[in-house]
Amino acid sequence: MRVSVVIPAYNEAGNIGRLVTETFNVLPEDILGEVVVVDDCSDDGTRAEIRGLMAQYPRLRYLRHAHRAGQSAGLRTGIFAAGFPVVATMDGDGQNVPADIPALLARLAPPGGPGPALVGGLRARRLATGSRRFASRFANGLRARLLKDDCPDTGCGIKVYWREAFLRLPYFSSMHRYLPALFLSYGHEVAYEPVGDRPRLAGSSKYTNFGRALVGIYDLFGVVWLRRRTIVPPIAEDSGAAIPLRPAAPAHSAGRIDADTVSL
């Protein structure tokens, strides 16, 4: 099962080039179809770092937002551009481990088949600070009680899922934090697999505990409403077979981007 690896990045010079190189080195060709980096209008050396690797890796693609739009927009841009039916996502800070992707893929059902449509990473030994771990435990506990999605680690950036299923989801800023709940709401199965975690080697996090809490509470109640208002009934055909109703995929584009690509 070949995949498009999608990596959103904002001001990740010193991390993103290392992560891309590692991804190409550790993933075999029968798994890795392409790497799509989406630059959310960085103002550091991120662009130069990626463009410097494109001649070495013909399956590396670089897309750049014309203005800041956020991590969810970066994921959506990359997934719209992806050329394979399965996507694997990682954060651009290098804390996710590309070598974990095959284990996640082993749990993922073939697109359209029975089984999980999304497999998320579960950081067994997270290397964040104590305050960040406490904030994450509190947030995960609160959202689990409200959303009832049984997601143990919503903040882990490494995931694999069906591209088409993602594109059928309603889009909103910060939706990347709620993908398991959204997949469940649309009738899909989800699963989790232990993955590694490692420290950031350059730069600093773009999120603070307070900032994430403010945005998270606002979005959380919106997703609770969406979960309760989303109805996905089975459809009985003449044959008597039951199939889930899948909303039509959106036809509009992800928005204006500047793209630097290498033909595959």
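Biologist: Which residues form one aromatic cluster here?

Modeller: Rings of Phe, Tyr and Trp (its six-membered ring) pair if their centres lie within 6.5 Å; planes under 30 degrees apart are stacked, over 60 edge-to-face, and the rest tilted. Here Y161, F166 and F183 form one cluster. This is a predicted model: local features need pLDDT of at least 70, side-chain atom pairs count only at pLDDT 80 or more, and totals for chains, interfaces and linings use all residues. Residues are numbered from 1 along each chain as its sequence is written, and side-chain values use heavy atoms, leaving out hydrogens and water.

Biologist: How many aromatic pairs does the structure hold?

Modeller: The structure holds three. F24 and Y57 make a stacked one, 4.4 Å centre to centre with 5° between the planes.

Biologist: Why does that pair tie together parts that are apart in sequence?

Modeller: F24 lies in helix α1 (residues 16-26) and Y57 in the loop between α2 (46-51) and β3 (60-65), so the pair links parts 33 residues apart in sequence. Helices (H or I, at least four residues) and strands (E, at least two) are DSSP runs, numbered from the N terminus.

Biologist: Is F24 buried or exposed?

Modeller: Buried means under 20% relative accessible area, exposed over 50%, partly exposed in between (1.4 Å probe, protein chains only). F24 counts as buried because its relative accessibility is 10%.

Biologist: Where does R68 lie?

Modeller: A charge sits over a ring if NZ of Lys or CZ of Arg is within 6 Å of the ring centre and within 35 degrees of the ring normal. R68 lies over the face of Y10, 3.7 Å from the ring centre.
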